[in-house]
Amino acid sequence: MSEGPLYLGFDLSTQQLKAIVIQSDLSVVSSAKVDFDGDFGAKYGIKKGVQVNEVDGEVFAPVAMWLEALDLVLQRLQEAKTPLNRIRGISGSCQQHGSVYWSREAEKLLAELQADKQRGDLVDQLKGAFSHPYAPNWQDHSTQAECDKFDEALGTAERLAHATGSAAHHRFTGPQIMRLRRKLPGMYASTSRISLVSSFLASLFIGSVAPMDISDVCGMNLWDIPSNTWSETLLALAAGGSAEGAADLKAKLGKVRLDGGGSMGKISPYFVGKYGFSPDCEIAPFTGDNPATILALPLRPLDAIVSLGTSTTFLMITPVYKPDPSYHLFNHPTTPGQYMFMLCYKNGGLAREKVRDSLPAPSNSSADPWETFNQHALSTPPLDVSSPETDKAKLGLYFYLPEIVPNISAGTWRYECSATDGSDLQPVSQPWPVEKDARIIVESQALSMRLRSQNLVSTPPSTPSGTSSSSSSSTLPAQPRRIYLVGGGSLNPAIARIMGDVLGGVDGVYKLDVGGNACALGGAYKAVWAFERKDETETFDELIGKRWKEEGAIRKVDEGYKRGVFEGYGNVLGAFGEMEGKVLEVARNK
Ligand SMILES: Nc1ncnc2c1ncn2[C@@H]1O[C@H](COP(=O)(O)OP(=O)(O)O)[C@@H](O)[C@H]1O
Ligand SMILES: O=C(CO)[C@@H](O)[C@H](O)COP(=O)(O)O
């Protein structure tokens, strides 16, 4: 480890709080994590990081748990002998869309945070800082009525998408605020400020309520992206319809920091006294976990990232702002004029776990719990078709939770169609053997991503390492150039293989070799850029691109494009979209 400055990045996600410390050359020097279920057990009444009220479709997390987790993860960095006094800058990423409600005492309590045994830890000193003890989680689906109003507010869902980057979504913060104001009017009236989870975590470090981040703010259905200002119409809607209400909500949300870099202030004395941070350590804006993911490596045009976390997300960067209700566009977290294309699925890792748990556990209890799942996933041929002329292709939708993409209630559906052209699409009369589900759930998730991103990809330029041996780039079908896998599921070789089969990737499928730490790493890289850019004109890609080394950062886990296999999935892509349409039609007519 050199003696230079260090940078600390966080990832406050659904199930964990992760911290990673890097040097200016981007090498990792230390890391630590807190697993909310594992570390806190029944204390906060959570399961997989959240509490659930099934009756109303509410999903939320106790803010006090996050406060306790922050102290615990910093203690673990100390226990790992991390030289916290050398940390020059801090940034990070957090689960998107969640909202934290600060009381009228919040600013005073944040400013008075002190390392004082008598006054206790963050959870003790900030006991009176919140008007609401919970933060709605991105899995919440209690806001359909509010979403309907948001989709109508500008006339159509298309116009809402053009203004805010997305159509209305259950988890988006505007509909969430609108519902909480209606459900808990007293709480709302006693709320001085509202933070996103990313600006909430930054607030703890700067000792005051931090401004929201220019990228994460696009996950609210309240920020007008073309003008980069709050939408007065949508603020009024969320605030009850009056101009006074809109002004009050605008004050609660505060200003948005347009610069993804730079300093929001020096670290609070609490962290200096308790953990030995330098009083000169500064805090850069924190962003959403998906915008941070695209910062975890120098993403080139046509590269794609698949984040296999609790949620599954598909991410690409594009210079074109062409919004559509079927996907999301966010401001790039560091580079004005660039946008993050995102698809987000609620039925991600947890849905794959459901299928895994429906299979016999591995005989050896110490084996990888995914062993049986992987064996079946890899022994089942693509679409479970051995002979395309005679076998029917199997297509499924596995939504154990109400899904976001498409917006539909929970359910599992199984269809078959011709493997050669997708014709004769029919629901299966009998569920196929559960062993087939291991491959088919992963195929279904990848087919949905391929269907919705096909307008963003084109025939990639041939590259010496990328052109497949049997073809030149001119004959390659449109597909991403590289696919990077991140998140907990990126550890799984069977999932990697199937992602390559379906999505292609002329240069292959790679795993970011920091396991599930991509978001925290993106946050740490953001801190390096924020404090080491020579001036505001040096872009993130310029600075990080000069320092990032492939060796040790990524590992090729699948060849990606496989001629014949990729086209085979292309043959049923239309049928997959047709299947979703049929299922939505039935759900609408219920
Ligand atoms: N070997 C594996 N194979 C498939 N999925 C995995 C594997 N290891 C972890 N996961 C999945 O990763 C998910 C958690 O991913 P992670 O990125 O750590 O979560 P978060 O959503 O909190 O960021 C869990 O749903 C878990 O099922
Ligand atoms: O809702 C989204 C993105 O729109 C989710 O990606 C959340 O941002 C949290 O994801 P995890 O990292 O917890 O899976």
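# Exercises on a predicted model

The largest share of the lining of the largest cavity, four residues, comes from α16. This structure is a predicted model.

**Exercise 1. Describe the largest cavity: how much space lies in it, and which residues are closest to its centre?**

Step 1. Search the whole structure for cavities of 30 Å³ or more. One is found.

Step 2. Take its volume. About 90 Å³ of space lies in the largest cavity.

Step 3. Look at the lining. It has 14 residues, and Y345, L397, F399, S444 and Q445 are the closest to the centre.

Step 4. Assign elements. β20 (392–399), α16 and α20 (565–588) each give at least two residues to this lining.

Step 5. Sort by class. The lining of the largest cavity has eight nonpolar residues, four polar and two charged.

**Exercise 2. Find how α15 and α16 are oriented to each other.**

Step 1. Locate the helices. α15 covers residues 371–379 and α16 covers residues 434–453.

Step 2. Read the geometry. The two pack at an angle of about 75°, and their axes are 7 Å apart.

Step 3. Apply the cut-off. Angles of 65 to 115 degrees count as roughly perpendicular, so α15 and α16 are roughly perpendicular to each other.

Step 4. Name the contact. α15 brings F373, H376 and A377, while α16 brings E435, A438, R439, I441 and V442.

Step 5. Sort the contact residues of α15 with α16. Five are nonpolar, one is polar and two are charged.

**Exercise 3. Describe the largest pocket: which element supplies the largest share of its lining?**

Step 1. Take the volume. The largest pocket has about 920 Å³.

Step 2. Find its centre. Of the 47 lining residues, L308, G309, T310, G487 and G488 lie nearest the centre of this pocket.

Step 3. List elements that supply at least two lining residues each. Among them are the strands β2 (16–23), β3 (28–35) and β16 (304–308). The helices α13 (289–293), α14 (349–358), α17 (493–503) and α18 (518–532) also qualify.

Step 4. Pick the largest share. α14 supplies it, with five residues.

Step 5. Sort by class. The lining of the largest pocket has 13 nonpolar, 23 polar and eleven charged residues.

**Exercise 4. Describe the annotated span 137–294.**

Step 1. Check the record. An unreviewed UniProt entry annotates residues 137–294 as "domain: Carbohydrate kinase FGGY N-terminal".

Step 2. Turn to the model. The end C-alpha atoms of residues 137–294 lie 22 Å apart.

Step 3. Read the secondary structure. The span is 47% helix and 10% strand.

**Exercise 5. Locate two backbone features, one at P406 and one at N228.**

Step 1. Start with P406. A cis peptide bond joins V405 to P406, with omega about 0°.

Step 2. Go to N228. Its phi is near 50°, a positive value in a residue other than glycine.

Technical notes:
Residues numbered from 1 in each chain as written. Chains lettered and ligands numbered in written order. Predicted model: local features only at pLDDT ≥ 70, side-chain atom pairs only at ≥ 80, totals over all residues. Heavy atoms only, no water. 1 Å grid on protein atoms, 1.4 Å probe; cavity = no way out; pocket = protein on both sides within 12 Å on 5 of 7 lines; lining within 4 Å. Points joined across faces, edges and corners; volume = space filled by probe spheres on them. Nonpolar A, V, L, I, M, F, W, Y, C, P; charged D, E, K, R; others polar. UniProt positions renumbered as here; feature names shortened; annotations may be inferred. Axes fitted to C-alpha atoms, helices over the stretch in contact; angles between N-to-C directions. Parallel < 35°, antiparallel > 145°, perpendicular 65-115°, else oblique. Contact = heavy atoms within 4.5 Å.
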